[in-house]
Amino acid sequence: MATLATSGAPVRASGLWKRFGALDVVRDVALEIAPGEVVGFVGPNGAGKSTTIRMMLDIFAPDRGTVEVFGAPIDDAARRRIGYLPEERGLYPGLRIPPILKYMAELKGIPSQEAPGLADAALERLGLTEHRTKKVGELSRGLRQLLQFAATIQHKPDFLVLDEPFSGLDPVNVRLMKNTVAELRDDGVAVLFSTHQMTDVEELCDRVVMINHGEIVLNGGVREIRRQHASDRLLLECASDMPYALCLPGVAAAEMRGDGWRISLTEEGSAEGVLRALLDAGIQIERFEREAPTLEEIFLRIVGSSDGNGTPDEGTHTGG
Amino acid sequence: MKGRTPVGSVRIVTRHEFRTAVTRPSYIILTAAMPVLVAMAVAGFAVFTLVTREDAEAETASSAESSAQTPRLGYVDLTDGPALFGAHQDQPGALFVPMPDRDAGIAALNDEQIDALFVFPPDYAETGTVVRVRFADDAGSVFGPDGPSYSGTLRGFVLSNLFADEVPVGLAERLQIPYRLEIEEVRPDGGTEDESAGFDLGRAAFFAVAGISLLFSVFFSSGYVLNALVEEKENRVMEVLLSSVKPDALLLGKFLGLGAAGLLQMAAWLASVGVGVLVVGLIVDIPADILTMPGIGDIGIAAGYFLFGYALFASLMAAVGAVTTSLREANQISAIVIVPAFIPVWLNFILFTEPEGTVARVLTYIPVTAPVTGFIRLAIGAMGPLETVAALLVLAASAAGALWLAMRLFRAYLLMYGKRPTLKEMARSVVSG
């Protein structure tokens, strides 16, 4: 069983296991998030992301394993410090915005007389003030999404769970939400950010956790992971022609790509050796870097190295 | 930020559900419909009563006036011998006035001193012929071409005079109306059935209204729980809520809030009916039993049946809402719950004719038929205290069981979208919790 020893984390899950029917949807998952940390939670559809999140939030009880939120098993006091924007989300289309936000705030322990003020502040933060008297059903999909985000953060949570928060949003509102998440992170909020968009993870997250077939297959800092998965290839651009790249020491293959070369090293070869040889030869170098894969490439590589299909989540439930 | 207990969560959900339900236009329209209908019915009844009362008063006045102007019917007795018709000239509805001869009678008729003229010819005794003399232009009267026939009056006049001094006065009446037929039903042992003995009209009315109210609550109050659950699943609000509140607290809050809204609606309807009855009571006489406040015991029994009945049906509806994925599907499946509630209504002829028979007793203890059966049997006074208490205990236990079942299913399928679980899956979920 995987274990994590760090204490005082907003959330710490260890050995989580969930079975639906004959299928182990989540297997021995351990996850921890520190205050002020944004963790990207990625994985293919049906990998077990949503089930893991639901277990962490006590919506589903795990078959095995433990979840501690703010240092203790989740209870009502802990629940009100959490903000959750699920992937399958919606609000009451027939109701106006103020009573909905008030209800959501009260469920988070906000006294009813304080709720309107917090709701107004959240609406203003997300540019929704002009819509505050409307019914939910009168809002566009994007505005409904922003409204849900406002409902999620209005009570100033310490632990924020966002499951595909940007789907359906235009670039302007995506930027608005990203900025808000960054501000919350700066305020010390721990954020678990589940998404399929690896570029968003690279931009927003300090750490990435990848799940596949219900198991954690990758867990680490974004830069660290990219470095770990860096290939043995170099990207080289020179100011002058370099017709003899293949003759450089330690080079196994060289391929002209665009304005430069993509060089594969031999087992004995090193980037330092190549660079030294180029400098010794008086080549004017404009670009020299080790090719680091994007998170998306790493994701595809890891997922592809299995069967390419995630373990389906529980048949009758949604999410991954 | 203040703390919040699970009870606090239930209270918040209850308040939200109640407020949301009672401010819905459909709820307001439906709630107001009954008072409006009752007001219209009472107003219509009042107008009808006033009109008919005026007619009756006019008729009474007319009758009084007409009695002051009792028709005077002239007659000429041409028979031989002693006068046959002199003893009883004052008949109900007419005064018979003797005329010395036919010409005098015609003159009196022409002068409107009399309203009709009858001539008893000399051979009356042999032939029974009586001649009514009238003017040829009397045709076209509202009473027909011949005007009032006075045949009944004439018959009474003739009979009472023919048998004058022959039979006693009372017997003379029997000659005119020989008998009035009455029927008496007896048991083979000769005893008589007195159906009204022990029947409390006020109690019957009270339990009848309570039973009807329960049927309405099955349709409406418990239906609100079903709709709210399925709508939240359809709207995808459920998971948002579940990050803030436990499933049991959420379900209980809905149960209480929507139940309160439904019961408020029911109370409004019952109050409007009650006010309507009181207003009607001011217009016409209503049996005093109906206007009498029921006893504490009866109120307690009705409240028990009502609350446990609501709890049972709302829980079953919640269970249906938990395992269905759309409002349409939920409404179709809810028939499984609603239809059995009406079985006692369909079998009412059995319950009324054999209120203590096997069918009645069995239906009393089957949870879904118990409330309505209980109200029917209580209304006709066919349930003793022990049986009532036993039936209420069974119903209460069933309601608790249904709530437990609903919570289990709700917990298991609260985030299920798109696929309904099989019965086997549901059974497994209930057992495993």
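How many helices and strands does chain A have? Chain A has 10 helices and 14 strands. The model is predicted.

**View 1. Chain A as a whole.** This view takes in the 320 residues of chain A. Buried residues make up 42% of them.

**View 2. An open sheet of four strands in chain A.** The strand order is 2-1-4-5, and the pairing is antiparallel. Strand 2 (23-33) and strand 5 (72-73) of chain A stand at the edges. Each has a single partner strand, so one side of each is left without a neighbour in the sheet.

View 3. Strand 1 covers residues 11-20 and strand 4 covers residues 64-69 of chain A. Five bridges join these two strands in the antiparallel sense. Look for Trp17(A): its bridge partner in strand 4 of chain A is Arg64(A). Helix 1 of chain A spans residues 49-56. This helix lies across strand 1, strand 2 and strand 4 of chain A. Relative to strand 1 of chain A, helix 1 runs at about 120 degrees.

**View 4. The buried side of helix 4 in chain A.** Helix 4 of chain A runs through residues 115-125. Which of its residues are buried? They are Ala115(A), Ala119(A), Ala122(A) and Leu123(A). These residues cover an arc of only 100 degrees around the axis, so they sit on the same side of helix 4 of chain A. Just after helix 4 of chain A comes Gly127(A), with a positive phi of about 70 degrees.

**View 5. Two crossing helices in chain B.** Helix 18 of chain B covers residues 385-413, and helix 19 of chain B covers residues 423-432. They pack at an angle of about 105 degrees, with their axes 9 Å apart. That angle makes helix 18 of chain B roughly perpendicular to helix 19 of chain B. Which residues of helix 18 of chain B meet helix 19 of chain B? Leu405(B), Arg408(B), Leu409(B) and Ala412(B) do. From helix 19 of chain B come Met426(B), Ser429(B) and Val430(B). By class, this contact has five nonpolar, one polar and one charged residues.

Key: Residues are numbered from 1 along each chain as its sequence is written. Chains are lettered from A and ligands numbered from 1 in the order in which they are written. This is a predicted model: local features need pLDDT of at least 70, side-chain atom pairs count only at pLDDT 80 or more; totals for chains, interfaces and linings use all residues. A residue is buried if 20 or more other C-beta atoms lie within 10 Å of its own, exposed if 12 or fewer, and partly exposed in between; C-beta atoms are placed from the backbone. The arc is that of the directions from the helix axis to the C-beta atoms. Axes are lines fitted to C-alpha atoms, for helices over the stretch in contact, and angles run from 0 to 180 degrees between N-to-C directions. Angles under 35 degrees count as roughly parallel, over 145 as roughly antiparallel, 65 to 115 as roughly perpendicular and the rest as oblique. Two residues are in contact if their C-beta atoms, placed from the backbone, lie within 7 Å. Ala, Val, Leu, Ile, Met, Phe, Trp, Tyr, Cys and Pro count as nonpolar, Asp, Glu, Lys and Arg as charged, and the others, Gly among them, as polar. Two strands pair if DSSP finds at least two bridges between them.
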